Amino acid sequence: MKTKFKNQVMVLSLLSSLGLAGCKKDFLDSKYDVYATPTSVATDANTLYTFGNAMYTPLINNALPYAFTALDGNFFAAASDEAQRSGNVPVGTLAFNQGTLSPINVPTDVNNYYTNMYEGIRAANFYLDYSKNFEEFLARNRFRDQGTSADIAYQRDRRLIGWYRGEARIARAYYYFELSKRYGGVPIITQTLDKTANPNVSKSSFDEVTNFIVSQIDTFKDSLQVNWKTSSSDKDQDGRFSKMSALALKSRVLLYAASPLHNPGNDVTKWQKAAEAARDVITGNFGLSLYTGGYRNYFIGFTAAQSGNPETIMAVRSPASNVPEQANYPIATPGGSSGIAPSHNLVADYEYIGAPDATDIYKNRDPRLAATVVTNNSTWNGRTIVESAGGSDDMAKANTSRTGYYLKKFITDNVNLTQNGTAIHTWILFRYGEILLNYAEAMNEAYGPDGAPAGYTLTARQALQLVRNRASSLLPAVTASSVTDFRNVLKHERRIELAFEDHRYWDLLRWKDAETVLNQPIKGVTVTRNANNTYNYQVVDAASRTFRAPAMYYFPFSQAEIVRSNGTLTQNPGY
Amino acid sequence: MIKHHILKCVLAALALTGFAEIATAQNRQTANAQDTTATEAQPGRLFDVSKTRSTAAVSVANGTALSRNTSPNLTNSLFGLLPGLTVTQGSGEPGFDNALLNIRGIGSYGFLGGAGGYNTYKVFVDGYETNANYLRSFSPAEIDNIAVLKDAAALSTFGMRGANGVIYITTKRGVVGKSTISFQTRTGFQQAQNINKPLGSYDFANLYNQAISNDNGNVWRPFYSPAQLQAYQNGTGTNVDWYDAALRKRTPYTDGSLTFNGGDSISRYNIVLNYANQQGLYNVANTDATSNEMLKRYNIRTNLDFKLFKIFEVKLDLGGRLEDLRAPNYTNSSRSTSILWDDLARYPSNIYPVFDGNTNNYSGTTIYPNNPVASLNALGWTSSNSRIIQGNFNVKERLDFLTRGLYLTEGFSINSYGLSTYSKTANYARYFNGAVTTTNQTSPLRATGQNAAGQEDWKQGMVTLGYDRSLGDHQITSALNYHVSNYRGDGQYSFAYHYKNISGRANYAYKNRYVGEFGFSYFGSDAYAPGNRWGFYPAVSAGWIISNESFLTNSKIVGFLKLRGSVGKTGSGDTEGAGIPVSGLNGRFLYQQYYAGSGNYYLGDGSASSVGGLRPLFVANPNVFAEQSVKYNIGADINLFKRLDLTLDVYLDKRSNILSIDNTVPALYGNNIVISNLGKQTNKGFEATAVYRNRVGKVGYALSGLASYNSNRIDYFAEVGPAYSYNAQTGRSYGTPIGLISTGFYQISDFNADGTLKAGQAVPQFGRVQPGDLKYQDLDGNGQINNNDVTAIGKPGLPKLTYAFSGRIDYHNFDLSALLQGTSGSSVNILNLGSQTQAFVNNGNAYAIAQGAWAYYPDQGIDTRATATYPRLTTTTNDNNYRLSSFWIKSGNFLKIRNVELGYSFANQWISKARLTKLRLFVNATNPVTWSSLKKNYNIDPETQSGYPGLKFYTAGVLATFQ
């Protein structure tokens with residue numbers, strides 16, 4: 001009996017010493033606290049930054065600014081008449097190209113965008129709640145024995161967090177704009193929904209969303225850093241929303257609201273408001289002017305994000321990467337895959353700045369062509385692009401460009417993909433050039449090409465000319481004098497100046513031009529080499545396009561979202 | 001202090017038992033029954049009872065049966081042996097060849113069946129839990145029997161580990177008597193069961209010309225010139241059979257085991273040494289710089305039993321394994337070479353020769369960067385080495401001096417797993433027409449050190465109080481158990497898993513005719529919120545042994561007849577995998593709010609510096625709890641004429657509280673997932689086994705057949721309400737393919753001159769169609785073909801019916817056995833097979849299936865309009881044709897010969913001088929023949945449809961037993 005008991009104790013001691021004694025009170029309390037928990041968050045003042053940054057992260061996709069991978073891993077341009085996807089056209093792009101966008105055929109990227117925008121909105125709403133007592137939070141979680149240096153850090157924290165709270169309003173407004181330009185009216189959520197909340201918020205109209213955005217900007221524009229670039233102490237925070245970028249957002253929002261799609265009765269006061277909003281950016285003493293270091297350079301590397309760059313209003317930065325180069329270098333360049341090929345429709349629109357040359361159709365063109373598009377017989381990736389039969393980029397080869405062109409804008413040349421070379425990419429969210437064109441368009445509609453009421457220092461024509469002069473002094477003078485003719489000149493100028501900056505598709509929608517333009521085939525050229533080493537270009541249809549009007553002026557909400565809303569969310573017309 | 005604490009625990013455990021008076025027996029205590037088969041013990045947790053007294057649905061196979069199906073992986077030896085277990089062969093790749101195992105089909109969402117994932121069986125070895133990896137590397141020589149526990153009675157003590165069934169293994173123990181030494185080895189070769197080869201260059205190019213012309217608006221515009229075609233035809237053009245270039249026809253396989261067994265009244269032992277060596281199918285030498293894929297495994301198991309001081313019985317079991325896996329360094333993140341098989345399937349024959357020009361440079365292009373031959377020869381090799389040791393220690397004290405039949409056991413188990421990797425890697429530049437084409441550069445062979453790649457340890461302890469006694473007409477066998485499990489790892493489950501299980505069983509038989517059993521588990525898991533961790537899982541069952549009633553005791557027909565039934569509740573606390581994409585947590589601790597990175601944003605004026613974002617990982621749900629299963633089972637065990645054994649079972653399994661993502665939460669929430677116990681599913685089916693044994697003169701034979709049938713239905717799925725009820729998953733079997741119904745091909749007459757569809761036809765919304773495209777049924781009649789026209793178009797991938805026949809005959813010293821196994825009631829979606837079925841898509845390949853494509857080029861003499869069996873070819877994405885539809889759904893039914901074995905045993909008088917008691921030579925064929933329509937029509941194996949093929953083995957071996 002005694003032996004047995006001893007034995008038993010021995011065995012159980014063994015169990016116990018190996019951590020197995022099940023009677024240990026907290027045995028079932030094992031946790032996996034690799035992630036932050038409410039307890040850890042509550043004592044970490046840095047979360048005032050990290051939760052704040054969460055409202056910006058939807059602008060980034062896999063460490064690249066979102067626009068670089070917006071649709072099927074590449075620019076959104078292939079949905080419009082700017083470009084055609086090479087190789088197999090992915091199904092997301094096809095839905096736009098073939099006009100088959102529908103509630104039950106929403107491309108994954110489009111669906112993700114909806115979710116990501118609301119994720120950004122949720123992060124902003126969450127932050128506004130979370131940071132309510134940030135000053136007290138900052139003070140509580142601070143080593144007070146750090147002397148004066150601690151105080152400086154504390155003051156900086158207070159300042160930066162205070163601005164974050166303003167930025168949360170603007171970020172939210174920005175996401176609502178991105179949603180409304182796609183969907184028209186969307187539900188406005190201004191609080192963090194928890195699981196028990198009734199999520200069935202009904203849809204606000206496009207105008208209501210616009211008014212919400214504008215009122216948020218008007219109310220909170222002064223609780224923002226005015227201009228990060230010119231701030232001596234906080235320059236390193238550039239990339240966040242500022243008063244300058246909030247006003248630029250307002251200019252774009254009001255321009256969209258005044259456009260035919262949203263202003264069918266052509267209410268001139270809407271154009272006047274849009275003109276005024278653009279003017280407020282131009283005359284806001286933000287030190288803005290057009291970058292003179294070259295049109296191509298502006299879109300390459302970190303140029304646009306440098307604090308000395310006077311044109312940039314807000315840019316999304318990213319670490320070095322070669323994803324856009326891998327995606328868009330010609331297939332014949334090791335590591336390239338052709339990607340989105342600019343259309344001849346776009347190329348043909350670049351004006352001549354001299355006499356056309358019959359032996360080289362790309363000669364004497366607006367220099368922005370050579371900065372935007374890789375054409376045949378030009379140098380790219382350290383070699384001459386030869387697209388004729390037997391050439392290095394023979395268009396008969398698999399996965400070459402379908403149009404005869406490759407993308408150049410935003411793409412860094414000579415990145416050695418074979419050695420995994422990379423380049424910095426910067427996405428320009430707002431720039432002065434766009435604001436000038438917004439201004440010119442709104443002024444033309446409100447006051448005509450040459451009208452300017454008191455308080456407006458530039459006419460539409462003058463603003464346009466600033467942009468054209470920067471491109472080339474040789475561009476032909478703009479002679480259009482009627483509002484209509486001048487409008488067409490502006491449309492053309494936007495197409496050229498803002499090519500591949502994710503404006504074209506949305507401009508075509510808001511102008512209600514999509515049903516005309518996006519039902520034209522995408523043109524390309526086939527290249528033949530002449531005996532004298534010149535090239536002949538024959539314009540051909542490279543791909544067809546179908547735009548289903550009027551339905552496709554707005555995206556469809558996914559069928560799933562409609563069902564989940566329990567009838568609160570009404571589908572856009574035509575779907 | 002610690003001792004005091006322990007004492008309290010023990011006392012608490014004893015007090016909890018309450019019925020210490022009633023309790024228990026253990027280990028193969030067999031009841032007193034007349035029938036020989038019925039006196040066999042039926043394995044069960046806590047104690048075994050005789051088959052007569054068992055009220056549970058359990059299938060059992062003994063260790064010797066397992067070695068007939070040659071495979072280094074135990075899961076591939078389970079075909080056709082265990083009714084209720086669906087075994088599906090996967091890849092044959094050494095080390096990655098786990099078969100999918102499902103006990104009684106699909107009870108819950110999920111169709112993984114392997115390690116991880118929902119609906120996963122659990123594995124217990126000698127009473128302690130292990131995992132699927134441990135199961136895989138068992139040698140059959142270590143196993144006494146393997147049981148599948150299926151119903152509520154068999155699973156009553158498993159609590160949250162029980163809902164998906166348990167594979168319960170008992171290892172071999174020493175037998176009192178003369179010492180024996182057994183030696184068995186077999187060696188031979190293995191081959192692919194099936195390889196679906198693509199078309200050669202000539203056929204490929206001809207079809208490509210068709211495809212590109214189709215894309216050109218049906219205007220003939222060939223890509224390959226007649227001269228090129230002729231070159232392909234006469235053999236001067238590039239035409240590489242990549243499978244031939246990369247693979248060998250057959251490669252060697254060897255395994256062997258050595259067993260020492262014996263014992264006396266004080267000590268017994270069984271010691272097994274085992275070795276397996278499997279080479280891969282690749283055509284590459286084993287050198288310092290290159291290696292075939294291979295598996296080498298060494299197992300040692302020592303099971304010892306001691307009796308001490310009359311009251312103690314001690315068991316000490318040690319099972320250790322070393323497994324070395326080596327592969328060409330062209331592997332995915334889990335070190336499988338499956339990516340090479342993707343290339344082999346996708347790379348056309350004419351892309352380039354193995355070597356570029358006349359150089360020694362490997363060919364490669366941007367589109368086809370990984371020359372399969374180079375992937376084997378020029379990248380070096382990689383290896384992983386795993387070590388497992390399981391040690392179990394049990395001590396039993398007989399407390400007969402307190403009350404006869406009372407005993408106490410304490411047990412402790414450690415299970416430790418470690419994985420490390422070692423590689424020698426190189427790289428090569430890809431050339432095409434003399435120029436480097438990709439980002440790779442030639443680099444010399446370089447070794448990487450031994451790197452730890454994961455470890456797990458698992459400690460379990462238990463205390464059992466048992467009582468086992470016969471008193472006149474009354475027999476009672478019972479036990480009460482306290483089990484603690486502490487798992488920790490940094491591999492797949494990179495955190496602790498803790499559970500406690502207080503469970504008990506009591507089996508009571510009256511007059512050997514009426515049996516009742518009660519079992520329960522009170523189970524606590526760390527995955528749930530405090531206060532919400534424990535669940536109670538009771539089960540009751542009963543049996544009526546009719547053959548022991550007076551009116552049947554003298555029957556010549558009925559040797560044994562028992563009816564039994566059970567009902568009870570079990571749980572599944574297994575949220576890992578589960579299709580719940582909560583990274584790193586494997587679905588555990590969902591009650592706790594966690595915050596995780598939302599990605600980086602970048603700020604800066606001179607350069608970009610990253611700043612991290614933080615967001616809630618999911619919406620914490622404090623109410624999350626284990627999935628619940630209520631199981632009903634009715635069965636009968638019958639013996640007729642002393643020759644025919646029948647076992648029949650019918651079951652119903654009602655699941656509820658299946659943990660699922662609530663898909664009904666709108667996206668407005670902002671990407672925040674909500675997980676709750678939402679799902680409901682019903683599963684039902686039957687199992688039947690018949691074994692007939694006889695001997696006629698010198699010929700002895702046995703015939704047996706078994707069938708398992710499972711059918712499930714999703715009762716609630718939290719799916720977003722589809723437009724029509726016929727679109728829904730809910731109400732259908734889990735995994736039912738939902739797609740369009742294809743009704744043939746568009747013909748030229750369906751189109752207007754401008755290429756639009758003539759009026760009156762439903763318009764597909766997946767892009768413009770042209771003649772030869774697939775036509776679909778417009779179910780909702782709205783004039784459009786879209787995703788609202790989808791419905792069930794086939795059956796799930798897991799077969800409903802699994803059946804097997806086997807026979808065994810012996811004559812003189814010869815014996816011959818065969819096992820056939822087949823399935824029925826499953827569908828294969830061949831659209832998922834990439835290049836094999838989607839010709840040219842994504843620069844892919846073309847297979848024979850594409851030769852039936854719809855085409856009409858009268859000038860070229862091509863017209864398959866009337867005979868087409870495949871949509872028109874295209875070189876581009878085609879959202880209309882390559883979309884889940886009934887066109888791509890094929891029957892997965894098959895019948896395979898799993899094994900045939902012929903043996904010759906030398907007569908005793910010849911061998912006894914060499915102290916041999918048995919000497920048997922045998923030849924064995926495993927998986928030699930497959931019958932299936934999928935294979936016949938498309939040359940696709942119904943089980944292993946792509947990737948590394950399933951294997952056939954042809955071996956010869958010897959078994960020798962010395963005494």
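**Loops, contacts and helices**

Analyst: Let's start with A:P550, which lies in the loop between β12 (535-543) and α20 (559-564) of chain A. Helices (H or I, at least four residues) and strands (E, at least two) are DSSP runs, numbered from the N terminus. This is a predicted model, where local features need pLDDT of at least 70, side-chain atom pairs count only at pLDDT 80 or more, and totals for chains, interfaces and linings use all residues. Residues are numbered from 1 along each chain as its sequence is written, chains are lettered from A and ligands numbered from 1 in the order in which they are written, and side-chain values use heavy atoms, with hydrogens and water left out.

User: Ok, what kind of peptide bond joins A:A549 and A:P550?
Analyst: A cis one, with omega at about 0°.

User: And where is A:N62 found?
Analyst: In chain A, in the loop between β1 (60-61) and β2 (64-65).

User: Switching topic: how many residues does the contact take from chain B and chain A?
Analyst: Chain B puts in 103 residues and chain A 93, where contact means heavy atoms within 4.5 Å. Between them the two chains bury about 8,100 Å², 64% of it on carbon and sulfur atoms. Buried area is the accessible area (1.4 Å probe) that two parts lose on being put together, summed over both.

User: Which residues in chain B lose the most area to chain A?
Analyst: B:Y601, B:L668 and B:Y669, together 11% of what that side buries.

User: How many salt bridges are there across that interface?
Analyst: The rule finds 2, a salt bridge being a side-chain nitrogen of Lys or Arg within 4 Å of a carboxyl oxygen of Asp or Glu. A:D29 and B:R533 meet in a salt bridge at 2.8 Å, N to O.

User: Why would side chains pair like that?
Analyst: Side chains of opposite charge can pair when their charged atoms come close.

User: How many salt bridges over all chains?
Analyst: The count comes to 78. Inside chain A, the side chains of A:R470 and A:E497 meet in one, 3.0 Å from N to O. That pair links distant parts of the chain, 27 residues apart: A:R470 sits in helix α16 (residues 460-471) and A:E497 in helix α17 (residues 483-497).
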